[in-house]
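Thank you for sending this two-chain model for comment. My remarks are set out as numbered points, to be read with the structure at hand.

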Amino acid sequence: MSLIDLIYLSQKSLRSNILRSVLTSLGIIIGVSSVITMISIGAGARLEVEQQIERFGSNNLILRSQSSNNRGVSMGSNSVNSLTLKDMEALKNELPAISAIAPRVSLSTQIIANGNNWLATVTGSTNDYFALGNWKFENGRKFQEDEINSGSRVAIIGKTVQKNLFGTDSPIDEVIRINKVPFTVIGLLDAKGGTAWADLDDTIIVPLKTAKQRLVAKKFPGDQIRSMTINVSSSELLFKTEKDIDTVMRKLHKISANGNPDFVIRNYAQFLNARQESSRVMSILLATVAGISLIVGGIGIMNIMLVTVTERTKEIGVCMSVGAKKRDVLLQFLIESLMISLIGGCLGIALGLGVIFGVSEYFNWKMSLDYMSLVLSFVFSSSIGVIFGFYPARKAASLNPIDALRYE
Amino acid sequence: MININAITKEYIMGDNKLLALNEVDVSIKEGEFVSIMGSSGSGKSTLMNIIGCLDVPTSGDYFFRNKNISNYNSNMLAELRNKDIGFIFQNFNLLPRLNALENVTLPLLYSGKNIKERTKLSMEALENVGLKDRTHHKPNQLSGGQQQRVSIARAIAGNPKLILADEPTGALDSYTSLEIMKILNDLNSNGITIILVTHEKDIAQYGSRIIKMKDGKIIEDKKNVSN
């Protein structure tokens with residue numbers, strides 16, 4: 001008997017009891033949709049982490065000043081600029097694991113150019129800022145040595161600033177007024193896109209010295225700075241270096257080991273790890289659900305197939321009387337259970353895609369559909385069908401023709 | 001065609017041994033129309049099931065077309081049933097989900113014939129029993145006589161040498177029974193050996209030879225002269 005004929009006969013008997021077939025495959029449906037969702041969450045988390053690294057650069061620590069609890073009065077996060085360029089030099093000298101540090105001063109201010117008006121965050125820093133932050137240039141150039149040293153009024157702007165001040169026109173060599181001070185635009189950064197909390201492209205970068213002299217002289221007097229981005233030479237040293245920085249900074253600022261520090265170290269890796277951890281927990285949960293429901297689904301198939309074999313005992317006898325061999329009967333019932341589990345697989349894939357779509361839409365979780373997971377689902381569900389369908393099918397095939405025929 | 005030597009069939013029911021066939025000897029030649037009669041429990045159905053290779057004897061030898069099939073395995077017996085034997089049952093035993101044509105095609109499916117050949121043979125068989133216009137009806141859309149004719153078509157579709165009919169008119173009214181017996185008669189005149197099991201005297205009269213059974217033994221075996 002050819003495979004097509006077997007499939008034809010199997011679908012006939014499955015279709016004669018559609019509700020039962022679908023209910024039987026429920027376990028497989030839930031199992032497969034969990035598998036797909038699980039894999040997508042995992043892949044999505046990985047993708048998000050990769051994108052974050054792409055955006056913020058890898059192996060970076062952010063050190064920024066923080067108000068210390070001064071005589072019980074919290075001064076607010078922006079009120080004190082405890083970090084200085086001296087701290088930066090000291091860290092560089094003391095910790096060889098640090099490969100580069102980009103200092104930063106910043107303010108939010110009015111930008112005027114081309115008759116347009118825009119509020120943007122202006123950062124004063126060095127060329128390291130671009131390398132560490134993974135910034136790419138769409139057009140123009142970085143600061144030149146003499147511009148950095150002389151405090152030239154040059155600026156590099158982000159995509160959002162360009163769009164709001166110049167539209168699609170090139171901003172290079174145009175003059176913009178930052179806090180009424182004219183600057184010449186020398187570079188345009190590539191777009192990075194937004195995060196949940198900020199538009200990264202809404203930025204203007206000017207040389208540190210220029211910023212300190214002309215824009216934030218009052219806010220950051222002397223060699224005070226707002227924060228620094230510290231690049232560690234390798235990811236293995238990241239957490240150790242974070243501790244070392246803490247130690248060195250406490251020594252520099254004369255803060256005891258258990259005193260309140262006037263700085264805070266932010267570690268993106270920590271955030272990424274937490275993100276990965278939560279998706280890992282979610283994946284384990286789903287894997288458990290998937291595993292249990294696939295097994296329960298398989299047992300459900302076995303149960304229904306046993307009932308079917310009993311119900312159709314006489315029919316099996318008829319088939320044997322007209323010449324069905326054991327193998328024909330075995331294959332027919334195996335294909336029926338395989339088809340039930342494949343129906344479950346297909347519906348499970350549909351449900352899984354729905355869940356993925358829904359979750360990524362409503363919770364704003366990044367989910368990445370892995371086509372391997374579709375293949376995996378098919379392999380999973382069909383092997384469940386064959387494994388759990390085998391016993392009932394063998395039971396059918398081993399019936400004695402005359403006993404089966406006489407069965408009422 | 002059929003040579004049965006000292007065939008015994010025992011059933012064990014709890015502590016009791018039931019002797020359904022007790023050292024039965026019988027031979028049937030090609031082209032014969034044999035009626036086997038007897039009350040229920042006489043062993044006539046058991047004999048027919050063994051002849052039809054649906055059941056195996058406890059002891060004794062069975063030669064089918066000069067081959068000793070007593071030691072055939074289940075696959076070889078299945079092939080024999082498929083190629084050489086057609087069954088007609090009292091309750092028709094059609095598959096309810098398949099239409100008339102598909103039911104008739106079933107044995108041809110198992111013999112692995114291609115779809116063109118299958119359809120041709122099945123249509124011919126249905127035509128022979130006068131059901132050419134009912135090919136796509138399901139069994140429950142057909143009358144009892146029509147269902148029995150479909151099952152006859154199924155039995156003859158593979159061109160078997162032997163047809164075994166177990167009370168073929170048992171579930172039919174007398175007029176329809178007549179129709180069915182006429183078809184069997186026609187098949188016999190075309191050279192097909194027919195073994196008919198019945199307990200009705202007038203149905204048995206269609207046979208050219210009548211075998212009477214009682215308590216697992218043949219008590220009478222003679223030519224039917226009234227035919």
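Predicted model: local features only at pLDDT ≥ 70, side-chain atom pairs only at ≥ 80, totals over all residues.

The points below take the chains in turn, then the contact between them, and then some local details.

1. Local features are described where pLDDT is at least 70, whereas totals for chains and interfaces use all residues.

2. Overall form of chain A. The secondary structure of chain A amounts to 14 helices and 14 strands. Its radius of gyration is 33 Å, well over the 22 Å that the globule rule gives for 408 residues, so chain A is more spread out than a compact globule. Along the principal axes, the C-alpha atoms of this chain occupy a box of roughly 105 × 55 × 35 Å.

3. Domain 1 of chain A is made of two stretches, 3-52 and 273-406, while domain 2 covers 67-261. The centres of these two domains, taken over C-alpha atoms, are 56 Å apart. Of the 408 residues in chain A, 40% are buried, and among its contacts between residues at least 6 apart in sequence, 83% join residues at least 24 apart.

4. Overall form of chain B. Chain B has 7 helices and 10 strands. Its radius of gyration of 17 Å is close to the 17 Å that the globule rule gives for 227 residues, so chain B is as compact as a globular protein of that length. The box filled by its C-alpha atoms is roughly 50 × 40 × 35 Å along the principal axes. Buried residues account for 46% of chain B, and 69% of its contacts with a separation of 6 or more are between residues 24 or more positions apart.

5. The six-stranded sheet of chain B. An open sheet of 6 strands runs in the order β6-β7-β8-β3-β9-β10 in chain B, with mixed pairing. Strands β6 (85-88) and β10 (217-223) of chain B stand at the edges with a single partner each, so one side of each is left without a neighbour in the sheet. On average, and ignoring direction, neighbouring strands of this sheet are turned by 15° against each other. At one end of the order, β9 (residues 209-214) of chain B pairs with β10(B) in the antiparallel sense over 6 bridges, and B:K214 stands opposite B:K217 of β10(B). Helix α5 (residues 144-156) of chain B packs on the sheet, where it touches β6 and β7 (162-166) of chain B, and its direction makes about 170° with that of β6(B).

6. Strands β1 (residues 2-13) and β4 (residues 59-64) of chain B pair over 5 bridges, and in β4(B) the bridge partner of B:I2 is B:F64.

7. The contact between the chains. The contact takes 21 residues from chain B and 19 residues from chain A. On the side of chain B, α2 and α3 each supply at least two residues, and α2(B) gives the most, with 6 residues. The residues on this side of chain B divide into 9 nonpolar, 7 polar and 5 charged.

8. Burial of helix α3 of chain B. Which elements cover the buried residues of α3(B)? In helix α3 (residues 100-110) of chain B, 11 of the 11 residues are buried, so this helix is largely enclosed by the rest of the structure. The cover includes α1 (3-15), α11 (313-321) and α12 (326-362) of chain A, together with α2 (74-84), α4 (115-128) and α5 of chain B. Among the buried residues of α3(B) are B:E102 and B:N103. Just after α3(B), B:G112 takes a positive phi of about 80°.

9. A residue in strand β2 of chain B. B:L19 lies in β2 (residues 16-28) of chain B and is partly exposed, with 15 other C-beta atoms within 10 Å. Leaving aside its neighbours within four places in sequence, B:L19 is in contact with B:E10 and B:G216. The C-alpha atoms of B:L19 and B:S35 are separated by 22 Å, at 16 residues apart along the chain.

Conventions:
Residues numbered from 1 in each chain as written. Chains lettered and ligands numbered in written order. Domains from an automatic or database assignment. Helix = DSSP H or I, 4+ residues; strand = E, 2+ residues; numbered from the N terminus. Rg over C-alpha atoms; globule rule 2.2 N^0.38 Å. Buried ≥ 20, exposed ≤ 12 C-beta atoms within 10 Å, placed from the backbone. Contact = placed C-beta atoms within 7 Å. Pairing = 2+ DSSP bridges. Axes fitted to C-alpha atoms, helices over the stretch in contact; angles between N-to-C directions. Nonpolar A, V, L, I, M, F, W, Y, C, P; charged D, E, K, R; others polar.
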